[in-house]
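Good morning, and thank you for coming.

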Amino acid sequence: MAKQLIVEPEKCNGCGKCEMVCSLRHQGISNPALSRIRVIQGEQEGFHLPMHCQHCLNPPCMTVCPRKAISRDEELNRVLVDYGLCIACKMCVAACPFGVMQFNEERGQTFKCDHCDGDPQCARFCEPKAIDYVETVKMEMDRMRAAARRWAAPTRKCAA
Amino acid sequence: MGGTHAQVCRIGGSQMSSFIVNEKCNGCLACVQNCPNRALDYRDHAGKRVLMHNMGLCARCGQCWRVCPEQAVEFRHLLESPWQEVVALGLTACRVCGEPVYTFDYGKKVSEKLRMPAEALCPAHRREKGLRVWSRIRPASPPSPGGAR
């Protein structure tokens, strides 16, 4: 069953633990600057948005890559970079609309979320559960239910 | 030859200054004879002897410098390699802060591939844009906690 990461910024308290565990898992050191997930400070106080790769169905990074190093892995519902093909031209970095394709100057490599091969550490360690790894179907159900609720209230009011 | 100064061939009009002989060179061609990779050659033409050097073949072994009976080869220049400018391209600056992001042609290429204009943003402002894009596409109401039964 395909799963995906879902963030609820309303629950995020901006502790930055996701950044710590992400860099620790991928880079071996706890360095938020090398994290695939970044907590962005919103304009209003107390609003934090954990930003990670959206694993787009039609990824712009994949479109611009001149070496076809970026592909979609349907099994784990993710977009992957093949470092054997990557030439570090940074075109994907320029193309990503979310700004989550990043570049490690030290290693000369792009880096992005890879769902930790099916066990995202950010979701595992997020205490307020602002990040969750859920089945895509369930997420769709939640969205449909919310939409139905939005419609149900005025309809009931009209009927009464 | 009477004190004729050997001329060093200039490649493609650019200043090929790596192999230099001083005024002591008398054109004996010992260096040409002893170069293990035949990076040196000469031509006798119109009353002049021209000594030629090919940087692509030169292994910088120093044999020419070692054999030269007049100490005319200045080997030091073969080891010095100054940076040469290859090309200069116009830069596109970050739309917000003005920091150079990439070249103009690079941005054009990305825009071409995306079939829409690419926004030139530095890493910090790229992240802020993520927030903007997200608030545009976010679900109208957040999923209710424990919604699925």
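Residues are numbered from 1 along each chain as its sequence is written, and chains are lettered from A and ligands numbered from 1 in the order in which they are written.

A:C96 belongs to the residues with the most contacts inside the largest nonpolar core, together with A:C18, A:C61, A:C92, A:A95, A:C122 and A:I131; this core has 39 residues. By nonpolar core I mean a set of buried Ala, Val, Leu, Ile, Met, Phe, Trp, Tyr and Cys residues joined through C-beta atoms within 7 Å. A residue is buried if 20 or more other C-beta atoms lie within 10 Å of its own, exposed if 12 or fewer, and partly exposed in between, with C-beta atoms placed from the backbone.

Which elements give two or more residues to this core? From chain A they are β1 (3-7), α1 (17-27), β3 (48-51), α2 (60-64), β5 (78-81), α3 (91-95) and α4 (121-125), and from chain B there is β7 (100-103). Helices (H or I, at least four residues) and strands (E, at least two) are DSSP runs, numbered from the N terminus. The largest share, 5 residues, comes from α3(A). Apart from this core lies another, of 10 residues, including B:C35, B:L51, B:A72 and B:V73. As general background, nonpolar side chains tend to be buried together in soluble globular proteins.

Now to chain A as a whole. Its secondary structure comes to 5 helices and 8 strands, in the sequence order β-α-β-β-α-β-β-α-β-β-α-β-α. The C-alpha trace of chain A spans about 65 × 30 × 30 Å along its principal axes. Of its 160 residues, 36% count as buried. Among contacts in chain A with a separation of 6 or more, 53% are between residues 24 or more positions apart.

In α1(A), the buried residues are A:C18, A:E19, A:V21, A:C22 and A:S23, and they pack against β2 (38-41), β3, α4 and β8 (131-135) of chain A. Just after α1(A), A:G28 takes a positive phi of about 85 degrees.

Is helix α5 of chain A largely buried or in the open? The number of buried residues among its 24 is 1, so α5(A) lies largely in the open. Helix α5 of chain A covers residues 136-159; at 1.5 Å a residue it should span 34 Å, and its end C-alpha atoms are 34 Å apart, which agrees. The expected span is 1.5 Å times one less than the number of residues. A:D142 is found in this helix and counts as buried because it has 20 C-beta neighbours inside 10 Å.

Chain B has 5 helices and 7 strands, following the pattern β-β-α-β-β-α-β-α-β-β-α-α along the sequence. Of the 149 residues of chain B, 15% count as buried. Its domain assignment, automatic or from a database, gives domain 1 (7-79) and domain 2 (91-137). The C-alpha centres of these two domains of chain B lie 51 Å apart.

How does chain B meet chain A, and how many residues are in contact? On the chain B side there are 19 residues, in contact with 24 residues of chain A. Helices α4 (104-114) and α5 (123-137) of chain B each supply at least two residues of that chain B side, and α5(B) gives the most, with 7 residues.

Finally, confidence. The predictor gives the complex an ipTM of 0.75 and a pTM of 0.71. The mean pLDDT of chain B is 81, and 81% of its residues reach 70 or more; pLDDT is the predictor's confidence in each residue, from 0 to 100. Over residues 1-14 of chain B the pLDDT is below 50, and it stays under 50 over residues 140-149 of chain B. Where pLDDT is low, the predicted coordinates should not be read in detail.

How values were computed:
Predicted model: local features only at pLDDT ≥ 70, side-chain atom pairs only at ≥ 80, totals over all residues. Contact = placed C-beta atoms within 7 Å.
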